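Visitor: Could you take me through one part of this model slowly? I would like a close look at the surroundings of the ligand, and then at the salt bridges elsewhere.

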Amino acid sequence: MQRLIFEEEHTMFRDSVRRFMQTEIEPHVEAWREAGICDKSAFLKAGKQGLLCMWADEKYGGLGMTDFRFEQVVIEETIRHGDIGLFLSLHSRLVGPYIGTLGSEALKQRLLPRMISGETILGVAMSEPSAGSDISGIKSRAVRDGEDWIINGSKTYISNGINGGAFVVAARSVPGKPHGLGLFVVEEGMPGFSRGRNLSKMGLKTQDTAELFFENVRVPAENVLGDPEKGFYQLMHFLAEERLISACQAITHAQVAFDITLDYILERKAFGRPIGAFQNSRFKMAEMRTALDVTQTFMDQCVLLHNAGQLSAELAAEAKFHATEVESKVMDECVQLHGGAGYMSEYRISHMFTDARVSRIYAGSTEIMKEIIARSIGLDERKLMGPH
Ligand SMILES: Cc1cc2nc3c(=O)[nH]c(=O)nc-3n(C[C@H](O)[C@H](O)[C@H](O)COP(=O)(O)OP(=O)(O)OC[C@H]3O[C@@H](n4cnc5c(N)ncnc54)[C@H](O)[C@@H]3O)c2cc1C
């Protein structure tokens, strides 16, 4: 399907990103997958190519490119010619804007150039052993001490957790108030900050996911993001973009799975004919082609709305919910069409299948997305049931 969302400048940009991914990233993916982590040099190279935090102002060394379509191109080419576990966009567009928008001038002057170059890799630390979907259950504490804040607690499942040099950490700053959270930038080397091992996962093998620990970590005022008691609302503000990024990743991942499956079923033969000649294969592919085109059209519309500052939390939730469900179904059908080969690690589709499974869980699970959408149409359980 021809996509009308992109203009000439995006197409030229895509050509250069594709060349970069093919030469600098793709040849290393297998080794990173085996190591269970990508090499930090991937970020340095992407930084040198001008692909990180493109939105940042020129005075910090950025390109001032806020148009999300450029990030969409980076996401699409990273997945097509690299790997979905290489979280360049988590660094650039999911975490970076917290610092770019809410950070003190001193923090921005110090960190932004390093974020743009890839010297400092970012992560966001919300989830805890007892608080995932329900971030109002966060137990990590932040206590004011003069101008500074002292952080205690732990986080889990944190992406870029091993490679990361700076983390946006959500901690309880107002005891007893469910939404009384603050956001603090904790940096590598701060006394009391440590990380656990690289967690072993079913998929996303190029992505490092870790626990983080905070023991009396002293965070200077310069590293406090926005109002230290309004972190919950600040998180909510950025979650729409996080979900849009997840949705873009999911639909691209599914598009790539479709393409490699099409190649496979044209090549592989059974009963004297290509697998693709069976009516079941043709109909499955037709169903997937339709689902992908419909979803991509909706996604592109969401991107344009986001560029116009009009992507609501519920529409972002619809995009994340729908794109990740389509991704899941497409992956399953594509493995099936590969037969036994689809279960073998040497075939890309086998790890795409396991990589995809997390999409419906992280960045807000499918169930939480449905909650957000249901509330937006007046079906708010708390309001409907009234006080107990
Ligand atoms: C690979 C990976 C990377 C991650 N990266 C990060 C990261 O960088 N930073 C970060 O902060 N977190 C990260 N996470 C954590 C992720 O965001 C959480 O796992 C996710 O939000 C779900 O929380 P949970 O695991 O505690 O599940 P739970 O909240 O315990 O949920 C368990 C199940 O119950 C369902 N459920 C929960 N509440 C409701 C409800 N109200 N109604 C209906 N069903 C409900 C959920 O949908 C789910 O199916 C990552 C997780 C993974 C697996």
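Guide: What follows is a walk around the ligand and then along some salt bridges. Please keep in mind that this is a predicted model.

Let us begin with the shell. The ligand is surrounded by 17 residues, and the closest are S127, S133, Y157, S365 and E367. Three elements, β1 (122–125), β3 (148–159) and α11 (366–376), each contribute at least two residues to the shell. Strand β3 gives the most, with three residues. In terms of domains, at least three shell residues come from each of domain 2 (123–228) and domain 3 (233–385).

Now for the polar contacts. Y157, one of the closest residues, also has a polar backbone atom 2.8 Å from a nitrogen atom of the ligand. A polar backbone atom of V124 likewise lies 2.8 Å from a ligand nitrogen. With S159 it is the side chain that takes part: a polar atom there is 2.8 Å from a nitrogen atom of the ligand. As for cover, the ligand taken alone exposes 970 Å², of which the protein buries 63%.

Moving on to the salt bridges, the structure holds 25 of them. One joins the side chains of E24 and K45, at 3.4 Å from N to O. Since E24 sits in helix α1 (residues 8–25) and K45 in helix α3 (residues 41–48), this pair ties together parts that are 21 residues apart in sequence. E24 counts as partly exposed, at 29% relative accessibility, and K45 counts as partly exposed at 27%.

Another salt bridge pairs K284 with E333, whose closest N and O atoms are 3.4 Å apart. K284 is partly exposed at 23% relative accessibility, and E333 is partly exposed at 22%.

Helix α8 also holds a pair of its own: D293 and R289 are four residues apart there, or about one helical turn. Their side chains meet in a salt bridge of 2.8 Å, N to O. D293 counts as buried because its relative accessibility, 18%, is under 20%, whereas R289, at 25%, counts as partly exposed.

Finally, there is a network to trace: salt bridges link R3, R14, R18, E76, E77 and D300.

Notes:
Residues numbered from 1 in each chain as written. Predicted model: local features only at pLDDT ≥ 70, side-chain atom pairs only at ≥ 80, totals over all residues. Heavy atoms only, no water. Near = heavy atom within 4 Å. Polar contact = N/O pair within 3.5 Å; in protein donor to acceptor, adjacent residues only side chain to side chain. Areas by Shrake-Rupley, 256 points an atom, 1.4 Å probe, with all protein chains shown as cover. Domains from an automatic or database assignment. Salt bridge = Lys/Arg side-chain N within 4 Å of Asp/Glu carboxyl O. Buried < 20%, exposed > 50% of the residue type's maximum accessible area, 1.4 Å probe, protein only.
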